[in-house]
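Welcome! Let's take a friendly walk through this structure together, one region at a time.

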Amino acid sequence: MTSGQQFTATQRVLILLASAPFVMMGCAVHEASQQTAAMLPPPAAGPSYRVAVPVPPPPPPLPQAPAELNRTITTLLANFNGTAAAAITSVDQGWAVTYNGARPMPQQSVSKLWVSMTALDLLDQGRLTLEDPVVVRAEDLTLFHQPIAALVKGDGYHTTVGELMRRALTMSDNTANDRLLTYVGGPNAVRAFLARHGIANIRFGPGERLLQSGTAGLTWRQEYAQAGGFNQARNALPQSVRQAAFEAYVANPPDGAGAAAIADALARLKQGRLLSPASTRHLLDTMAASRTGRARLHAALPPGWTLAHKTGTGQDLLSRNAGFNDVGVLTAPDGRSYAVAVMIGDTRAPMRDRQALIQQVVHALVAEHG
């Protein structure tokens, strides 16, 4: 048949009849396959595979603290007449010895450290310089120890951020510190610095004026900053008012901090983990020039050892003292360093006994190091 021809009707019928068995057979095979599949059991679940996830090794254990040093520190502080805490952290080896280390103790002027760290952190961010000009005026004056007050005349004392820091750390000048605190953004800026660096169990109070007036049972008034006005107002209070305010402060100090937290922060400072290398050096050098507390940590240093530190001293009421501290970084002649915090929160012990406790902690550390 040539292309283009059409099938006749008869031819078409013959073709359909010839192909019908194959169509019927295909349908039958399909139906049989469905019936066979329905009678078969469901397929068994395939084998399960577990992917081995590597487990990271556990962190290495912290170096063991020297047992003899731990016993000595425990004995010294447990036998002290008052509430005391101490912590020693090895900057190089990582071990720590503590007694009462987590208990919040009044910092007093130890808290000036965090103000200076906040300022230097801003310097590292390029947001201030140590040469930034600052004016200290009469309305900036605070109370207690403030030698800068003698320089505030006329339109005020013109100084710099760096000079305020030097006075706050080396002289423990309250007005210099509070003016620096205002310049860096106030208490919330310091708290933000502590939080950002994961420095826990260290509270920062409201500044010297509010902290000290609250501890005495007074509401701050600026005239208290002049001519002994604070002491006069405090002495005029009923004894019951002063006693209640004092008890409230030592029970829950708004500037409370754990000795262990302070020692850990100082160790991190020395390791360069809080500030830039230049800011770290500047702060430690300034702390090393401190003129306060010569009968505390400093008095027990053997020849060749160095100390960068900050003291803190709280108010007295009758025979009690609320806050007698010294914290710092001690470095041995061989270069090994230790962060040390000794804090006395509430005691009737005379000052010479408080000084002796701090010195004995240093003696124990030096003996262990030797």
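Predicted model: local features only at pLDDT ≥ 70, side-chain atom pairs only at ≥ 80, totals over all residues.

In soluble globular proteins, nonpolar side chains tend to be buried together.

Which residues does Ile262 meet, once its neighbours within four places in sequence are set aside? Ile262 is in contact with Gln107, Val110, Trp114, Ile202, Ala257, Val327, Ala341 and Met343.

Now turn to helix α5, which covers residues 174-184 and includes Asn174. Is Asn174 buried or exposed? Asn174 has a relative accessible area of 5%, which is under the 20% cut-off, so it counts as buried. Its side chain reaches the backbone oxygen of Leu143 at 3.0 Å. Leaving out residues up to four places away in sequence, Asn174 touches Ser109, Lys112, Thr142, Leu143, Phe144, His145, Gln146 and Glu208.

Next, look at two alanines in loops. Ala102 sits in the loop between β2 (96-99) and β3 (105-106), while Ala200 belongs to the loop between α6 (187-196) and α7 (208-216). Ala102 is exposed because its relative accessible area of 58% is over 50%. For Ala200 the relative accessible area is 54%, so Ala200 is exposed too.

Both alanines can be paired with residues from elsewhere in the sequence. Ala102 and Ala260 are 158 residues apart in sequence, and their C-alpha atoms are 6.2 Å apart in space. Setting aside neighbours within four places in sequence, Ala102 is in contact with Asn201 and Gly258. Ala200 and Ala257 are separated by 57 residues in sequence and by 8.7 Å in space, C-alpha to C-alpha.

Finally, how confident is the predictor? The protein averages a pLDDT of 89, and 84% of the residues score at least 70. Over residues 1-5 the pLDDT is below 50, and this stretch has two contacts in the model beyond near neighbours in sequence. Residues 13-40 also have a pLDDT below 50, with one contact beyond near neighbours in sequence.

Definitions and conventions
Residues numbered from 1 in each chain as written. Heavy atoms only, no water. Helix = DSSP H or I, 4+ residues; strand = E, 2+ residues; numbered from the N terminus. Buried < 20%, exposed > 50% of the residue type's maximum accessible area, 1.4 Å probe, protein only. Contact = heavy atoms within 4.5 Å. pLDDT = per-residue confidence, 0-100. Polar contact = N/O pair within 3.5 Å; in protein donor to acceptor, adjacent residues only side chain to side chain.
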